[in-house]
Amino acid sequence: MNVPEGLFYTKEHEWVKIDGNLAKMGISDHAQHELGDITFVELPALHVQCKQFKQIAIIESVKAASDVYAPLSGKISAVNKQVVANPELVNQSPYDQGWLLVIELTEESQLANLMDAETYKNYLKENL
Amino acid sequence: MPIQYEGIINEHQWTRNNCAVFDICHMGEFLIQADALSSNLDKILTQNLVGMPLKTCRYGFMLNDNAGIIDDVIIYRIEQNKWMLVVNAATQAADFEHLRKNLARNNVKLENVSNSLAKLDLQGPLSRDVLVAIAGEGILKLDYYAFDYFSVLGENIIISRTGYTGELGFELYVNNDKVIELWNLLLENKKVKPAGLGARDTLRLEVGYPLYGQDINQKTTPLEAGLTSFVDMKKDFIGKTAIEKKQKQGLEKKLCCFQTESRRAPRHDYEIFANNQKIGIVTSGSYSPSLGCGIGMGYLETQITAIGTEIILLLENIKINAKVVKRPFYQKGSLRA
């Protein structure tokens, strides 16, 4: 599984890329692989508040419907309309074109609750 | 059998357009040597066995006294007094017990051959061409729901023109020790790809076939499930009295098909609401690769089953708008080609 360096990861298999006070997020390669063909993505409205580890989006695959959790608290500042129109982008490009949303951070200290690439790789190994 | 090989949607589309092979070894097969009437076998099954021509199959049910479905089965008439029953994996033990209890003791032989007999399904519009190359031109003569013995890999195996996808297709019954060889032989043809349980489920749902344990069970009858065409009311069978009683009383619920207005899929156990009232639960649901929207089945209160009725499917934070539609969802299958 592809686990790019420089990103942070959650136990629920979301990734985050930090850029100043903005956090772009999506689901990991492992997550898209486990879900299989993704058929539907529901994203929150802009400017909605989100809380770390609380549900923020829904992804449906042929197999199941799954909640996506906010990796960090803040305010939604952008959503990826491309994945709503073409949910298969999440399968094809989970870290790039398949990003889900951007959060404007309110509590940067919460980064301590996330895993770096190395820790996430080990977490995947332990949980397979 | 895995859920998927290269992906459910690809496997699904490949079956609709080309040909796929499914490993269905989990299903059970019983061999029965019995005269249909004197053995009571005809009473245990809802189809008329007496009138069945040799080397044909029928889809039918074993019912309990309340007309609840013990299992849905395919009956093969191999000889005048020799039958094969193909049953579901999870119900195998209960089916066998029901047969043992209700079959006459004399001149009857009942044998569970599931552990030695394997089953592969070859399904899709190209399946006949693929099979002719392996089993010979005799395949061309097989009508829908007919079967015969064919020489394959040095063995005489049963091949029937049956399936669970809505496409032209065949089911192959082969001894366990030859199944891997047969699997590989089928896949040598580049038109054939393996498909898993995930695609099997989306394919059968698109044509409105029920799945035992989800859409039908011991608490549902063929009446509510809309499957009375597989029940011969002109003969006697276990559960018939209960069906006649229900027919007089009228049905409280009916198995219906519905389609969502988006790509969102209904799922097993979602609640169904109409006019702010709960009117049922989803028994089967999925994204439909052929239709590009969500489809599902579930039992609805009889007065709210008209085609076009607007319903809402709910689970916690998920809310999906849907409409009652006709069965089947997908009508372009090559089934009878």
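This briefing covers the domains, the chain contact, a sheet and the nonpolar cores of the structure above. The model is predicted. Chain B is assigned three domains: domain 1 (8-26 + 116-206), domain 2 (28-95) and domain 3 (252-337). In the contact between the chains, 15 residues of chain B meet 10 residues of chain A. The largest nonpolar core has 88 residues.

**Domains of chain B**
- Domain 1 of chain B is written in two segments, 8-26 and 116-206.
- Domain 2 of chain B covers 28-95, and domain 3 of chain B covers 252-337.
- Between domain 1 and domain 3 of chain B, the C-alpha centres are 30 Å apart.
- These two domains touch through 13 residues of domain 1 of chain B and 14 residues of domain 3 of chain B.
- On the domain 1 side, helix 1 (8-17) and helix 6 (197-206) of chain B each give two or more residues.
- That side of domain 1 of chain B is made up of five nonpolar, four polar and four charged residues.

**Contact between the chains**
- Chain B brings 15 residues to its contact with chain A, and chain A brings 10.
- Helix 1, helix 6 and strand 14 (277-288) of chain B each supply two or more residues to the side that touches chain A.
- By type, the chain B side has five nonpolar, seven polar and three charged residues.

- Six strands of chain A form an open sheet in the order 1-2-3-9-8-5, with antiparallel pairing.
- Strand 8 (residues 74-79) and strand 9 (residues 101-105) of chain A run antiparallel and are joined by five bridges.
- Within this pair, A:Ala78 has A:Val102 of strand 9 as its bridge partner.

- In soluble globular proteins, nonpolar side chains tend to be buried together.
- In the core of 88 residues, those with the most contacts inside it are B:Leu41, B:Ile75, B:Leu85, B:Leu120, B:Leu122 and B:Leu172.
- Strand 4 (residues 69-79) of chain B gives the most to this core, with six residues.
- Beyond its neighbours within four places in sequence, B:Leu85 contacts B:Phe30, B:Ile32, B:Val73 and B:Ile75.
- A second, separate core has 34 residues, including A:Val3, A:Val41, A:Ile56 and A:Ala57.

Note on methods:
Residues are numbered from 1 along each chain as its sequence is written. Chains are lettered from A and ligands numbered from 1 in the order in which they are written. This is a predicted model: local features need pLDDT of at least 70, side-chain atom pairs count only at pLDDT 80 or more; totals for chains, interfaces and linings use all residues. Domain bounds come from an automatic or database domain assignment. Two residues are in contact if their C-beta atoms, placed from the backbone, lie within 7 Å. Helices (H or I, at least four residues) and strands (E, at least two) are DSSP runs, numbered from the N terminus. Ala, Val, Leu, Ile, Met, Phe, Trp, Tyr, Cys and Pro count as nonpolar, Asp, Glu, Lys and Arg as charged, and the others, Gly among them, as polar. Two strands pair if DSSP finds at least two bridges between them. A nonpolar core is a set of buried Ala, Val, Leu, Ile, Met, Phe, Trp, Tyr and Cys residues joined through C-beta atoms within 7 Å. A residue is buried if 20 or more other C-beta atoms lie within 10 Å of its own, exposed if 12 or fewer, and partly exposed in between; C-beta atoms are placed from the backbone.
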